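Here are some exercises to work through with the model open beside you. Try each task before reading its solution.

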Amino acid sequence: MAAGSIVDLAIVGAGPAGMGAAIEAAALGLSVTVLDEQPAPGGQVFRAVEAASGDPALQGEFATQGAALARQFRATKGIGYRPSTTLWHLDRQAGLLSVLHGGASSEIEARRVLLATGAQERPVPIPGWTLPGVMGMGAAQILLKTAGAVPQGPVVLAGQGPLTWLLAVQLLRAGAGPVTLLETTRGGAAGVGLRHPGGLWNGRGLLLKGLALVREAKRRGLRVVRNVRGLRAEGEARVERVRWESGSLPCDTLLLHEGVIPSTHVSRAIGLEHRWDTAQLCWRPVLDAWGATSQERIAIAGDGGGIGGWEAALATGRLVALDAARRLGRISEAERDHRAGPHHAALAAALSLRPFLDALYAPAPEVLAPRDDATVVCRCEEVTAGQVRLAARLGATGPNQAKAYLRAGMGPCQGRMCGTTVAALIAAERGISIEDAGTLRPRAPFKPLTVGELAALPPEEVA
């Protein structure tokens, strides 16, 4: 992009939503710039797919649809791809994006901005979760995809959700073991299914994929312990054992997972309207059918707007691109609606099983608000659950007020890991809803940067 030029559509994130939007927008004649923190396209679900798609442990959608999408993205003309680039500020009124790349800051001006920032793992603060050897399942999968890293010794997966079974299969294929799954799911699938019969039928294709993973995991030797409560990680220098109410196991690696939630750090920081999702128990931005937000210039696609999976993310990215082309006068409203038909159908199909999954894998209250007062909830500032409860008794009405008491949310992660937990703890202590407790209000810079990096802005952009 030439200096001083304005791009039609700036996309933050090169996962399925970002890639799908870029491909669609470029085909419609829009100038497109894609900013990606990662060194290669794929996002979280297809991370490092170009390099790792041949790994036998990762065969399946990752190696087929993921690799094909990345190839199409690379081959599409008119997309300016900027990997290893971090967005640290966004002026929503002017469409001005401040980015960091190679140790220097620069700015991009865009007529439309798409946030395709995806999801993050829901924090699972249990006693001992800060021990070395304990991490999220998503983090372990990233290590497997990017570095071929396979944990040695006994591995325990603790939690629930589709990722638990996928990762179990991938680790077993890669030679990890023994592997045990401590499943925390509370309701039976049959009972939940009776409440969502239509979704089960419409989402039968996705359900069959999940059942195939379960069968493969068990065939490869996965041990499953169900109805697990009261998880604790124990050890001295690192994790040595995981304990729960009715048993314990030695382990060298403990992987935790209780689903994913939208990554709303940027969308909250720029003041977009959000609402509390009672089904997915998380905050999500308010969007229309085209991904448009409460701010005229900004749109959101993918899991950052609500958890739906990669196929839903791809469809929403394409819909945002069509709407951007309509808003910029490249196509008419009638043409937008006509072109959108297949994408709306794909989105509906991808989301058909979501009510069943949300109900089946709803996190337990102690996941949202840990019971043990000694449990660290803010890792950056080493704040415990008991300290948050005390702050609530002293007058903190929400996570923003708790900052004044505890500094929770003021560390390098800016509350990404603790914000939801702090809000849940305060809500429980004060007898209010998490929605009423509210959410942290992040501020720019969205990611830490140095004075030197900021000073590298060209003089005209500083002015």
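**Exercise 1. Find which domains contribute at least three residues each to the lining of the largest cavity.**

Step 1. The lining of the largest cavity takes at least three residues from domain 1 (7–120 + 261–355) and at least three from domain 3 (369–437). These domain bounds come from an automatic or database domain assignment. A cavity is a set of points, on a 1 Å grid over the protein atoms alone, where a 1.4 Å probe fits but cannot get out, and lining residues have an atom within 4 Å of a point.

Step 2. A word on the source: this is a predicted model, in which local features need pLDDT of at least 70 and side-chain atom pairs count only at pLDDT 80 or more, while totals for chains, interfaces and linings use all residues. Residues are numbered from 1 along each chain as its sequence is written, and side-chain values use heavy atoms, with hydrogens and water left out.

Step 3. Two or more residues come from each of strand 16 (260–262), helix 9 (265–269), strand 18 and helix 16 (419–430). Helices (H or I, at least four residues) and strands (E, at least two) are DSSP runs, numbered from the N terminus. Helix 16 has the largest share, three residues.

Step 4. Sort by class: eight are nonpolar, nine polar and two charged. Here Ala, Val, Leu, Ile, Met, Phe, Trp, Tyr, Cys and Pro count as nonpolar, Asp, Glu, Lys and Arg as charged, and the others, Gly among them, as polar.

**Exercise 2. Describe the second largest cavity and its lining.**

Step 1. Its space is about 110 Å³, a volume being the space filled by probe spheres set on grid points joined across faces, edges and corners. For the largest cavity the value is about 220 Å³.

Step 2. Among the residues lining the second largest cavity are Arg122, Trp276, Cys282, Val367 and Ala424. By class, the lining has nine nonpolar, two polar and one charged residues.

Step 3. Helix 13 (365–368) and helix 16 each give at least two residues to this lining, and helix 16 gives the most, three. Domain 1 and domain 3 each supply at least three.

**Exercise 3. Which elements supply at least two residues each to the lining of the second largest pocket?**

Step 1. They are strand 18 (282–285), helix 10 (310–327) and helix 11 (333–351). A pocket is an open set of points with protein on both sides within 12 Å along at least five of seven lines.

Step 2. Helix 10 makes the largest contribution to the lining, five residues.

Step 3. In total, 28 residues line the second largest pocket, and Arg284, Leu287, Gly305, Thr316 and Leu351 lie nearest its centre. The pocket has a volume of about 420 Å³.

**Exercise 4. Which element gives the most residues to the largest nonpolar core?**

Step 1. The largest nonpolar core has 46 residues, and Ile11, Leu30, Val34, Phe73 and Leu114 touch the most other members. Such a core joins buried Ala, Val, Leu, Ile, Met, Phe, Trp, Tyr and Cys residues through side-chain atoms within 4.5 Å, buried meaning under 20% relative accessible area (1.4 Å probe, protein chains only).

Step 2. Helix 10 gives the most to this core, 11 residues.

Key:
Buried means under 20% relative accessible area, exposed over 50%, partly exposed in between (1.4 Å probe, protein chains only).
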